[in-house]
Every structure is written in structure tokens, then in C-alpha cells.
Amino acid sequence: MFDELSARIADRRLMFNYVLKRILLLLPTFIGITIVSFGFVRVLPGDPVLLMAGERGLTDERYTALLKEFGYDRPIWEQYFEYLGNLLSGDLGNSLVTKKPVVEEFFTLFPATLELSFVAIFIAVCLGIPAGIIAASKRGSFIDQTLMGTALVGYSMPIFWWGLLLIIVFSGWLGWTPVSGRISLIYFFPQVTGFMLVDSLLSGQKGAFGSAVQHLILPSIVLATIPLAVIARQTRSAMLEVLGEDYVRTARAKGLSSFRVIGIHALRNAMIPVITVIGLSVGTLLAGAILTETIFSWPGIGKWMVDSIFRRDYPVVQSGLLLIAAVVMIVNLLVDMTYGLINPRICHD
Amino acid sequence: MTDAPIGETTSTQSARSVKNQMRKRMLSEFWFYFSENKGAVIGLWVFSALVIIALFAPIIAPHDPIIQDRSALLLPPVWQDGGSWSYLLGTDAVGRDMLSRLIYGARFSLFIGVVVVTIAVTGGVAIGLVAGYFRGIVDTIIMRIMDVILAFPSLLLALVLVAILGPGLINAMIAIAIVLQPHFVRLTRASVMSELNREYVISARVAGASPFYLMTKTILPNCLGPVTVQATLSFSSAILDAAALGFLGMGAQPPTPEWGTMLAEAREFILRAWWVVTFPGLAILITVLAINLMGDGLRDALDPKLKRS
């Protein structure tokens with residue numbers, strides 16, 4: 001009894017140390033990211049003052065005033081530490097175009113990207129894992145070859161083209177789905193969660209939810225394509241590896257049904273690499289969001305970044321870059337922690 | 001006296017022939033495993049066809065890819081009503097032949113793939129060798145920098161780099177190479193670290209090999225398997241990313257017949273002229289698919305762990 005308790009405490013401590021180590025390892029990466037985003041404006045061709053002010057035909061006095069305001073007249077390391085200080089107090093500068101704080105814009109647009117990504121990863125997991133399991137359990141069969149062939153096509157897909165094709169077929173020829181946006185303009189309701197699916201339900205307006213789903217379906221299919229293919233391939237190879245293990249053979253020899261063997265004994269262990277792959281696809285999702293949101297005029301952070309690059313809204317690009325990298329890092333940390341929970345062995349390394 | 005040199009030459013000759021035989025055997029073994037994967041062989045055929053198309057584009061293409069025919073704007077493909085035999089796959093919005101543009105586009109895509117992978121592999125392998133061989137502070141600094149690059153979504157970082165360097169094909173290729181290169185660093189470093197304490201490396205070191213010789217002649221050849229597989233995968237992602245940048249207006253600039261740029265120009269006509277959108281994307285998909293098929297075959301042939309199972 002006492003032994004068990006102390007063992008559990010030791011386990012907790014191990015887990016805590018593991019998480020702490022992960023966080024500490026992220027610190028240098030985070031500092032690196034701040035250096036990249038700090039340096040971004042300074043390596044751009046052209047005068048940083050003019051770039052950051054976004055004004056033309058400056059008088060000499062105004063130029064000097066701005067130089068002072070931005071602190072560009074001080075030594076570079078001093079500027080960096082001030083930047084870091086601002087960052088930690090949540091000040092990431094203002095957009096040149098809208099004049100609003102970048103942080104505020106980010107958090108208004110982020111839910112749109114998050115919603116799209118959630119639905120995409122949901123589609124990818126719900127289709128990808130079963131596809132991988134079926135392919136693995138029927139290894140070498142026609143079904144296996146078809147599924148894996150399709151997965152490879154999905155993996156090789158230029159998703160910006162895939163999106164355009166879906167628009168041609170479903171919006172152009174069939175007229176089933178709208179071409180762009182998050183919801184039909186006839187609906188208007190306050191943003192509560194920022195997730196259109198939830199907000200439209202909360203609003204109680206008839207047809208609003210349906211409209212939100214209609215708008216969401218094509219972009220999420222497009223965004224799900226590559227993660228879906230990756231998850232299906234990874235599930236298949238992880239299952240194949242596990243199915244060759246002794247304990248699976250034992251389970252079969254005991255006379256368990258193949259459903260139990262595959263679904264319970266094998267799957268649990270095969271899921272570990274699959275979860276890693278799901279976590280790693282966050283970066284892919286955000287990169288995919290840039291293209292998907294541009295094609296479907298989806299008002300999320302991907303489109304925001306592309307637009308800002310074209311509008312030369314450098315404060316937005318600079319801070320958007322930082323915020324997106326921070327999101328990717330946090331998600332990777334969460335994945336690592338889940339990984340530690342599923343597979344306690346990893347904490348001992 | 002005269003006997004000794006003769007004996008020596010025969011022994012070096014036989015050593016050379018043994019080496020040649022071994023190489024032949026390795027190649028035939030490689031081909032055996034590669035050709036077992038039907039998809040990989042199909043991929044190889046398609047890829048070879050693409051290379052031929054790219055090389056002989058000026059001879060194969062029926063028209064100049066940039067010349068505009070004002071009398072044939074948005075002409076549909078030949079099998080549709082209003083199609084013309086002189087423009088097999090139709091024309092785009094300014095009357096350029098789609099087929100010729102697609103054929104010339106193969107040149108750009110393959111060129112992008114080759115250049116990007118060459119830069120990424122050379123840079124990545126060299127840095128990875130240094131990090132894995134010297135370890136310590138050098139390794140830490142290098143790997144933290146790589147972590148920072150990997151923390152950004154690749155396409156976003158490439159976009160921002162192109163914004164810094166200025167839009168264009170060359171800058172897009174540099175940006176993509178920078179983004180892809182950390183994968184090679186990690187891979188090389190990991191294999192170097194696992195090879196470093198093997199007996200053959202230690203014996204070479206004891207025999208007095210310099211660090212440079214050890215890195216490049218002793219260790220490197222044994223790390224090339226995974227690097228080759230990764231290079232194939234990077235080849236296809238380089239083509240995809242370059243097309244994506246072209247599509248976003250940050251890659252090759254019009255009127256270059258690059259497939260992604262062609263898609264960007266075609267976007268406004270998607271509901272009127274399906275062919276201007278469909279064909280360039282299909283070309284990208286086929287190319288990338290062929291390379292990925294080859295990559296799967298290469299992995300089967302080069303990964304000894306999978307071979308035995």
C-alpha cells in the first residue's frame with residue numbers, strides 16, 4: 001500500500017521533471033524566434049523607419065522623430081531588449097493598415113483558423129486511422145493497394161489546385177457550396193466563441209448553422225487532405241510493425257477474434273507514432289491554412305499573413321510570424337506531454 | 001626484381017575488379033528491391049518521361065509558350081465544342097497554347113527540384129556532419145538554429161524569406177532550400193552519431209585519418225541511404241512549395257510558364273474555363289506523385305530494417 005503510494009509519487013515527479021525539461025528545452029528556441037522576428041524588419045531591403053512608419057515623403061524632422069520613436073537610433077542590443085520587454089508585456093505593435101494592435105487582430109482572426117483546423121484534423125483522424133487499420137490488416141490486397149495509392153495521391157496533392165477543382169465542381173457545376181467566406185451575409189449575430197459553428201447554433205437563427213457548415217465543408221476537406229494521407233500511411237506502417245510482435249501472436253493463439261486482436265491489443269500500441277504524426281501536422285495545417293484561406297477567402301490568420309505581406313504591413317508580418325511560431329511550439333509541447341502520458345517509458349529517458 | 005611490380009599490379013587489378021564486382025552486386029541488389037515495388041517502377045518511367053519532355057521542350061512543344069494569339073483567347077481543348085487541332089489542350093486568357101506552356105513548365109519544375117535539393121543537401125549534410133562529428137557547443141548552437149527554422153510552418157517562412165529577398169524564381173528557390181535544409185542536418189547528424197563509435201571509424205582514426213577524411217570519406221558514405229530517401233521527398237516538396245509560392249504571386253513571375261504561376265493567372269477564369277485551371281495542377285500532381293512513388297521504392301530498397309521484414 002505504502003509502496004504503491006510512493007511509487008505513484010515518484011511517477012508524478014518523473015512526469016513533472018519531463019514536462020519541465022521540455023519547457024526548458026523550448027526556451028532557446030523561443031529566444032531564437034524572437035531574434036528572427038526582431039531581425040526581420042532590419043534585414044528587409046530599404047530603410048526600417050520608412051518601412052515601419054508606412055508613410056511617404058517624410059520631412060527630415062518627422063524622420064528624426066520617428067527614428068527616436070522606434071528607437072532605431074540606439075544600439076541594436078538595447079533595441080532588442082526593449083522589443084523583448086514589450087513582447088513580454090503583450091505589446092506587439094500596431095498594424096500600419098488598420099492601426100489596431102496586432103495582438104488584438106490575431107486573436108479576432110485566430111478562431112477562424114482554429115475552427116478550420118479542428119474540423120480538418122477531425123476529418124483526417126476519422127478517415128485516416130480506419131483506412132490505415134484496414135490497409136494493414138489486409139496487407140497486399142487490392143483494398144490495401146487502393147487505399148495506399150489514394151493516400152499517396154493525397155500526399156502529393158497541390159492543395160491550392162485541389163481547392164480550385166472542388167470549387168469548379170461543387171460551387172460551379174453543382175452549385176452546392178458557396179465560393180468564399182464563413183457564413184452567408186444574410187445572417188448576423190454576435191461573436192461569442194469565435195467559432196462559427198457554435199455561434200450560429202447559439203444565435204438560434206434558422207438556417208445559420210447550415211450555412212456555416214456549407215461554407216466550412218470545402219476548405220476543411222482541402223486542409224484535411226495531406227494530414228489524412230499522412231495519418232493513413234503512418235497508421236498502416238505502425239500497425240504492420242505491431243502486428244508482427246509476440247504479444248499479438250499470443251493474443252491470436254489464445255483464440256481471440258481478429259477484431260479484438262487488431263482493435264484492442266495492436267491498436268493501442270500502434271497509436272503512439274500516429275499521435276506524434278497528428279501533433280506534427282499542426283505545422284502542416286498552418287502552412288496549409290495559408291493556401292486554403294487564400295483560395296476560399298477564409299478570414300483567418302493564414303490569409304491575414306499573406307495579405308499583410310502584400311500590403312507591406314511589416315509590423316503584422318513580424319509579430320504574426322512570432323505568434324504563429326509560438327502556437328506551433330505550444331502545440332508541440334502539448335503533444336510531447338500527451339506522448340508522456342500514453343507511453344510512460346518516455347519520461348525515463 | 002622485375003617480378004615484384006608485376007605482382008603488385010595484378011594484386012591492385014584484382015582488388016579493383018573485386019571492388020567493381022561488389023559495386024555491381026550492390027546495384028543489382030538495389031534494383032531487385034526497387035523493382036519489386038511496382039509503383040516505384042511506374043514512378044521512374046513517368047519521371048524519365050518528364051525529364052525527356054523537359055530536355056526537348058523546344059522540339060516537342062507545338063507553339064512558343066509566351067507568344068499570344070489574339071484570335072484564339074480561352075479556346076477549349078480539342079475534344080470540346082469550339083476546340084481547335086492547332087491548340088490541343090486549348091489556350092489561356094491571352095491566347096497562349098496551354099500544351100506548350102505545360103511542356104516548358106516541366107523544365108522549371110525539374111530545375112527547381114534539382115537546384116533546391118542540391119543546395120539543401122550540400123548545406124544540410126555539411127552542417128550535419130560538423131554537428132555530429134564535433135558535438136559539444138558547435139552541435140548545440142547548430143541544432144538550436146535548426147529548431148528555430150523548424151518552429152515556423154515551412155511555407156510561411158519561405159513566404160517571408162521571399163518577401164525579404166524579393167519575389168522571383170531564384171529567390172523562391174533559395175527560400176525553399178533554407179526551409180528544407182534542417183531535415184538533412186538532423187538526419188546526417190543522427191547517422192554520424194550512430195556511426196562514430198563503430199569499429200571501422202575507430203580503426204580509421206587510429207590509422208591516422210584526419211577529421212576531414214573521417215567525415216567525408218569514412219562516415220559520410222554510410223549515412224547516404226536515409227539522405228537519399230529524404231532528398232527524393234524534398235525534391236517533391238520543393239516542386240510543391242515553389243508552385244505554391246508561384247500561386248501566391250511570390251515565385252516565378254508571369255509570363256514564365258511555371259505551373260503554379262499559371263494557376264495563379266488562371267484563378268479568375270475557374271468558373272468559365274476549367275482547362276486553364278485543371279491542366280497545370282494535374283501536371284504538378286503527376287510530377288510530385290511520380291517522385292513520391294520513386295521515393296517509396298528507394299526507401300524499400302535502401303532501408304535495411306524494412307528489407308528483412
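Across the interface of chain B and chain A of this predicted model, five residue pairs are found in polar contact, both residues being at pLDDT 80 or more. A polar contact is a pair of N or O atoms within 3.5 Å; within protein, one must be able to donate a hydrogen and the other to accept it, and residues adjacent in sequence count only if both atoms are side-chain atoms. In chain B, the side that touches chain A receives at least two residues from each of α5 (136-151), α6 (154-165), α9 (211-247) and α11 (274-302); helices are DSSP runs (H or I, at least four residues) numbered from the N terminus. The largest share of this side, 13 residues, is supplied by α11(B). By residue class, the side of chain B that touches chain A comprises 27 nonpolar, four polar and five charged residues, where Ala, Val, Leu, Ile, Met, Phe, Trp, Tyr, Cys and Pro count as nonpolar, Asp, Glu, Lys and Arg as charged, and the others, Gly among them, as polar.

In total, 36 residues of chain B are in contact (heavy atoms within 4.5 Å) with 40 residues of chain A. The area buried between the two chains is about 3600 Å², with 83% given by carbon and sulfur atoms; buried area is the accessible area (1.4 Å probe) that two parts lose on being put together, summed over both. On the chain B side, B:Phe152, B:Leu156 and B:Ile164 lose the most area to chain A, together 15% of what that side buries.

For the model as a whole, local features need pLDDT of at least 70 and side-chain atom pairs count only at pLDDT 80 or more, while totals for chains, interfaces and linings use all residues. Residues are numbered from 1 along each chain as its sequence is written, chains are lettered from A and ligands numbered from 1 in the order in which they are written, and side-chain values use heavy atoms, with hydrogens and water left out.

A salt bridge is defined as a side-chain nitrogen of Lys or Arg within 4 Å of a carboxyl oxygen of Asp or Glu. The whole structure holds 15 salt bridges over all chains, and one is found across the interface of chain B and chain A. B:Asp296 forms a salt bridge with A:Arg233, the closest N and O atoms being 3.1 Å apart. This pair crosses between chains, from helix α9 (residues 208-243) of chain A to helix α11 of chain B. B:Asp296 is buried at 14% relative accessibility, whereas A:Arg233 is partly exposed at 21%; buried means under 20% relative accessible area, exposed over 50%, and partly exposed in between (1.4 Å probe, protein chains only). B:Asp296 also meets the side chain of B:Arg299 in a salt bridge (3.8 Å, N to O). Being three residues apart in helix α11 of chain B, B:Arg299 and B:Asp296 are separated by about one helical turn. B:Arg299 is partly exposed, at 31% relative accessibility. Elsewhere in chain B, a network of salt bridges links B:Asp92, B:Arg96, B:Arg101 and B:Glu265.

A:Ser156 lies in the loop between α6 (142-155) and α7 (159-173) of chain A and is buried, with a relative accessible area of 0%. Beyond neighbours within four places in sequence, A:Ser156 is in contact with B:Leu240, B:Leu285, B:Val288, B:Leu289 and B:Asn292. The side chain of A:Ser156 also reaches the backbone oxygen of A:Leu152 at 2.8 Å.

Helix α12 (residues 301-310) of chain A is largely enclosed by the rest of the structure, because seven of its 10 residues are buried. Among the buried residues of α12(A) are A:Trp304, A:Met305 and A:Ile309. The side chains of A:Lys303 and A:Asp307 meet in a salt bridge (2.9 Å, N to O); both lie in α12 of chain A, four residues apart, about one turn of the helix. A:Lys303 is partly exposed at 22% relative accessible area, and A:Asp307 is partly exposed at 27%.

A:Phe38 and A:Tyr83 form a tilted pair, 5.5 Å centre to centre with 50° between the planes. Both residues of this pair, A:Phe38 and A:Tyr83, are buried.

Conventions. Phe/Tyr/Trp six-rings, centres within 6.5 Å; stacked < 30°, edge-to-face > 60°.
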